[in-house]
Amino acid sequence: MYNTIRVDIKIGGYSKMAFFRKKTEEEKQASQERKQDVKQERMEARQKQEEFLKDKANKIANKQCAILKYYGGHPLYSKEEAVYLSVNESEITVDRKGLTGSCEIFTVNLEDIKKVTIEKEEEVIRRYTATRLALFGPFALAMKKKKVNKKEYLVIECKDFILTFDSNPKLCETIYLKVNNYKKNDNKQLGQIENLEQIKKLKELLDICAITQEEFDIKKKELLGI
C-alpha cells in the first residue's frame, strides 16, 4: 500500500477528514525534472527574444529595419498591425512586433520586387479603387471609401501583390538600393553564364575547323573580359 497523509478540513463549520497519497521518490524526482525542463525552456525563450530584439535594434540603427504599421496586400496575411519590416541582401522579412524570431509572418525575395515608392494616400486609394472595380464592377462605386488626407505610405510592388506600410523614406531608400544591387548582381551572373555558353559553342566551331584558333582566342578573351 501507498503511504497516506491525513488532513482535517473545515468547511462551513463542519470538520471533514481527507487522505492524500504521498508521492514516491520516483514521482518526486520526475516532478523536479519537469520543473527544471520548464525553467530551461523559459530561459531559452527569453534569450531567443533578447537576441531577436537586439538584432532588430541593430538593423534599425543601420536603416535596414523599422517598426511600421502594415496595411495588408500579401495574399496570405491581411491583418493590419505594427510589424518589423527588415531587408537583407536577398529578401525582405515581416515579423510580428516585440515577439521572438520564430514569429516571422512572411518573406519576399528581392527578385520578386518590381518597385519601391513613397506614395500619398490618394494614390494608394486610386489603385485600391481600381482593384475593387476589377473585382466588384459597378458595385465598387457604392462601397464606402475612406476620406483622403495627406498621409504617405511605403508601397512595395511585387510580382503578384502590393504591400502597403506606414511611410519610412530611409527604409524605402535602403530597400530600393538593395533591390537594385541584387538585380545588377543577378544580371551579371546571368551574363557570365551566357558568355560561358557562347564560349562552349565557339569551341565546338573550332573543333570542326569552322573558325581558326586565333579567332577563338580573340572572342574568348572578349567574352571573359580579359
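Biologist: Where does C209 sit?

Modeller: In this model, which is a predicted one, C209 has its place in the loop between α3 and α4, the latter covering residues 213-224.

Biologist: Is C209 buried or exposed there?

Modeller: C209 counts as exposed, because its relative accessible area is 69%, and the cut-off for that word is over 50%.

Biologist: And what is the phi of C209?

Modeller: The phi of C209 is positive, at about 65°, although the residue is not a glycine.

Biologist: What share of the residues is buried?

Modeller: The protein has 226 residues, and 27% of them count as buried.

Biologist: Which residues have the most contacts inside the largest nonpolar core?

Modeller: That core has 25 residues, and the ones with the most contacts inside it are L85, I92, I113, I156, L163, F165 and I175. Two or more residues each come from β3 (65-72), β4 (81-87), β5 (91-96), β6 (104-109), β7 (113-120), β8 (152-158), β9 (162-166) and α3 (169-207).

Biologist: Which element gives the largest share?

Modeller: It is α3, which contributes four residues to this core.

Biologist: F165 was in your list. How far is its C-alpha atom from that of E80?

Modeller: The two C-alpha atoms are separated by 9.4 Å, while E80 and F165 are 85 residues apart along the chain. E80 itself is found in the loop between β3 and β4, and it counts as partly exposed because its relative accessibility is 48%.

Biologist: Changing topic, how many salt bridges does the structure hold?

Modeller: There are nine salt bridges in the structure, and one of them joins the side chains of K115 and E157, with 3.9 Å from N to O. K115 belongs to strand β7 and E157 to strand β8, so this pair ties together parts that lie 42 residues apart in sequence.

Biologist: How accessible are those two, K115 and E157?

Modeller: K115 is partly exposed, with a relative accessible area of 43%, and E157 is also partly exposed, with a relative accessible area of 23%.

Biologist: What about I162, how far is it from K115 in space?

Modeller: From C-alpha to C-alpha, I162 and K115 are 9.4 Å apart, and in sequence they are 47 residues apart. I162 lies in strand β9 and counts as partly exposed, with 26% relative accessibility.

Biologist: Back to salt bridges, which residue does D207 pair with?

Modeller: D207 forms a salt bridge with K203, and the closest N and O atoms of the pair are 2.8 Å apart. Both residues lie in helix α3, four residues apart, which is about one turn of the helix. K203 is partly exposed, with a relative accessible area of 37%.

Biologist: Which residues gather in the patch of negative charge on the surface?

Modeller: E33, D37, E41 and E44 gather in that patch. Of these, E44 is found in helix α1, which covers residues 25-61, and E44 is partly exposed, with a relative accessible area of 45%.

Biologist: One last thing, where is K219?

Modeller: K219 has its place in helix α4 and is partly exposed, with a relative accessible area of 30%. The C-alpha atoms of K219 and Q198 are separated by 9.4 Å, and these two residues are 21 residues apart along the chain.

Definitions and conventions:
Residues are numbered from 1 along each chain as its sequence is written. This is a predicted model: local features need pLDDT of at least 70, side-chain atom pairs count only at pLDDT 80 or more; totals for chains, interfaces and linings use all residues. Side-chain values use heavy atoms; hydrogens and water are left out. Patches are made of residues with over 30% relative accessible area and no salt bridge: like charges are joined within 9 Å, nonpolar side chains (Val, Leu, Ile, Met, Phe, Trp, Tyr) within 5 Å. Accessible areas come from the Shrake-Rupley method with a 1.4 Å probe; for residues, only the protein chains shown count as cover. A salt bridge is a side-chain nitrogen of Lys or Arg within 4 Å of a carboxyl oxygen of Asp or Glu. Lys and Arg count as positive and Asp and Glu as negative; His and the chain ends are not counted. The place of a charge is taken as NZ of Lys, CZ of Arg, CG of Asp or CD of Glu. Buried means under 20% relative accessible area, exposed over 50%, partly exposed in between (1.4 Å probe, protein chains only). A nonpolar core is a set of buried Ala, Val, Leu, Ile, Met, Phe, Trp, Tyr and Cys residues joined through side-chain atoms within 4.5 Å.
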